[in-house]
Amino acid sequence: MKLAVVGTGYVGLVTGTCFAETGNQVTCVDIDERKVEKLNNGIVPIYEPGLETLFHRNVEEGRLLFTTNLEEGIKGAEVIFLALPTPPGEDGSADLKYILKVASDLGPILKQYAVIVDKSTVPVGTAEKVHAHIADNATVDFDVVSNPEFLREGVAVEDFMKPDRVVIGTKSERAKSVMNKLYAPLVRQGNPIIFMDERSAEMTKYAANAFLATKITFMNEIANLCERAGANVDDIRRGIGTDSRIGKRFLFAGIGYGGSCFPKDVQALAKTAQDFSYDFRVLKAVMDVNDAQKTKLMPQILNHFGGDLKGKTIAVWGLAFKPYTDDIREAPALDNIRALVEAGAKVTVYDPEAMDNVRNMIGNTVTYAHTQYAALDDADALMIVTEWPLFRTPDFDKMNLLLKSKVIFDGRNVYELETMREQGYTYYSVGREAVLAPVEQAVK
Ligand SMILES: NC(=O)c1ccc[n+]([C@@H]2O[C@H](COP(=O)([O-])OP(=O)(O)OC[C@H]3O[C@@H](n4cnc5c(N)ncnc54)[C@H](O)[C@@H]3O)[C@@H](O)[C@H]2O)c1
Ligand SMILES: O=c1ccn([C@@H]2O[C@H](COP(=O)(O)OP(=O)(O)O[C@H]3O[C@H](CO)[C@@H](O)[C@H](O)[C@H]3O)[C@@H](O)[C@H]2O)c(=O)[nH]1
């Protein structure tokens with residue numbers, strides 16, 4: 001099939017590349033000239049395991065093209081995906097200006113029937129608005145379909161190629177048959193295409209993200225209670241995750257969820273509820289708890305150093321909002337760096353992928369280390385914010401030589417308490433007892 005993807009951000013690039021991989025002819029359109037130039041020069045602007053290989057294969061074989069010209073990009077396309085940003089507006093609602101602008105632009109340049117697909121995360125009623133904006137000046141027949149995307153950054157290619165399910169919102173039989181044909185190679189593993197109306201599809205996406213954010217937040221609250229009650233949240237995770245009604249995934253307590261989706265989508269769903277005069281109390285609590293959770297280690301850090309971080313150096317391992325991505329949108333690392341600097345600390349950071357993005361955002365507020373160990377040189381403590389695999393099995397001998405004092409504040413429960421005891425560390429984590437090094441115990 002001939003496809004167009006408008007917007008070559010995370011979702012657009014993965015959508016375009018993966019559909020090219022399943023044999024379609026794809027043209028991706030973006031208004032960002034520099035991005036399109038990079039893509040045309042073979043540079044993939046995001047870090048996503050597995051994407052580059054697919055990208056290069058499909059570009060070389062001529063199935064994946066990039067342009068800044070919308071009219072040229074959609075020429076002959078049977079399906080046009082809108083993978084455009086929907087950032088939070090001032091009131092928390094999803095800002096539809098990018099989508100509706102492209103919808104208006106599409107009207108006069110559509111030359112034959114096409115299925116226009118909302119791939120972006122958009123509030124209930126958006127498909128109708130997109131339809132109206134295109135219809136304003138269209139001369140041909142078209143359908144607007146809601147097809148929300150559930151991929152996770154870092155495993156986006158796998159999520160896209162082997163989706164748990166594909167949700168398609170449309171009442172048009174013609175559009176259904178086009179979408180069925182397009183997705184057939186991806187759902188052959190037995191995972192379903194679930195058809196529904198547009199509004200339900202739009203709401204499904206927000207319900208999924210809000211549910212997962214709530215699940216994490218619930219565990220974070222259990223963790224906070226565990227610390228007070230002397231229980232271990234990791235044991236509780238194993239204890240409840242084995243119940244198939246609860247499930248093992250997304251039960252990891254830590255210093256809050258971040259990223260480009262959960263924070264904005266929970267907020268947008270709360271705003272939708274407000275628009276329909278519904279008081280969605282659970283969502284308000286989720287946002288509140290997550291805001292506080294992000295810097296929950298700060299009181300312990302301040303307390304450990306006697307209330308003041310002046311003259312102290314704190315090493316931070318991990319900046320991306322989660323491992324396997326360079327994305328720092330709403331990353332808890334940023335909140336913690338701000339809090340550490342405000343408390344007077346000198347901060348040295350290391351992340352395998354996200355350093356350039358942080359440098360572009362906060363410049364020289366912090367020192368950037370070349371390796372995880374260089375970050376520890378002369379530091380008074382280590383803070384772990386993102387659970388990159390290389391932080392899990394470090395060379396403790398090396399660490400012990402570099403750190404000024406053996407203190408770790410771990411926001412992602414990367415180490416076993418026993419390991420920390422054996423290594424002689426003072427170790428604070430989330431939802432588990434604090435481990436105090438022998439010398440610390442003597443002081444207390
Ligand atoms: N990032 C994710 O993991 C993820 C997963 C599922 C769903 N989503 C949703 O998908 C949507 C896109 O997210 P993203 O992270 O890919 O966004 P992004 O901000 O990374 O990329 C959006 C792209 O759209 C381009 N653009 C803006 N206006 C344009 C126009 N008029 N014409 C052509 N291109 C234009 C931008 O230049 C940018 O490259 C959002 O609604 C998001 O909530 C994101
Ligand atoms: O047990 C867990 C799982 C995740 N997180 C945090 O939750 C955030 C989001 O993680 P994840 O969901 O893996 O990343 P995203 O790439 O943001 O993906 C989410 O948001 C996307 C955009 O809407 C959806 O498509 C995905 O299905 C949805 O998982 C990160 O900060 C994680 O550290 C936890 O704290 N504990």
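The model is predicted.

**Annotated positions**
- The unreviewed UniProt entry carries a "binding site" annotation covering Phe150, Leu151, Arg152, Glu153, Lys205, Phe250, Leu251, Phe252, Ala253, Gly254, Gly258 and Lys322.
- These positions span 173 residues of sequence and are also spread in space, with up to 23.9 Å between C-alpha atoms.
- Leucine 251 sits in the loop between helix H10 (233-241) and helix H11 (262-275).
- Beyond residues up to four places away in sequence, leucine 251 touches Lys215, Met219, Arg237 and Gly241.
- Leucine 151 occupies the loop between strand E6 (142-146) and helix H7 (156-161).
- Leucine 151 counts as buried, because it has 20 C-beta neighbours inside 10 Å.
- With residues up to four places away in sequence left aside, leucine 151 touches Val14, Ala156, Asp159 and Phe160.

- Among the 26 residues around ligand 1, Gly7, Gly9, Val11, Ser120 and Thr121 come nearest.
- The shell around ligand 1 comprises twelve nonpolar, eight polar and six charged residues.
- Helix H1 (10-21) and helix H5 (97-109) each contribute at least two residues to this shell.

**Open sheet**
- Six strands, in the order E11-E10-E9-E12-E13-E14, form an open sheet with parallel pairing.
- Strands E11 (367-368) and E14 (426-428) each have a single partner strand, so one side of each lacks a neighbour in the sheet.
- Helix H14 (residues 332-342) packs on the sheet and touches E9, E10 and strand E12 (381-384), its direction making about 180° with that of E9.

How values were computed
Residues numbered from 1 in each chain as written. Chains lettered and ligands numbered in written order. Predicted model: local features only at pLDDT ≥ 70, side-chain atom pairs only at ≥ 80, totals over all residues. Pairing = 2+ DSSP bridges. Helix = DSSP H or I, 4+ residues; strand = E, 2+ residues; numbered from the N terminus. Contact = placed C-beta atoms within 7 Å. Axes fitted to C-alpha atoms, helices over the stretch in contact; angles between N-to-C directions. Near = placed C-beta within 6 Å. Nonpolar A, V, L, I, M, F, W, Y, C, P; charged D, E, K, R; others polar. UniProt positions renumbered as here; feature names shortened; annotations may be inferred. Buried ≥ 20, exposed ≤ 12 C-beta atoms within 10 Å, placed from the backbone.
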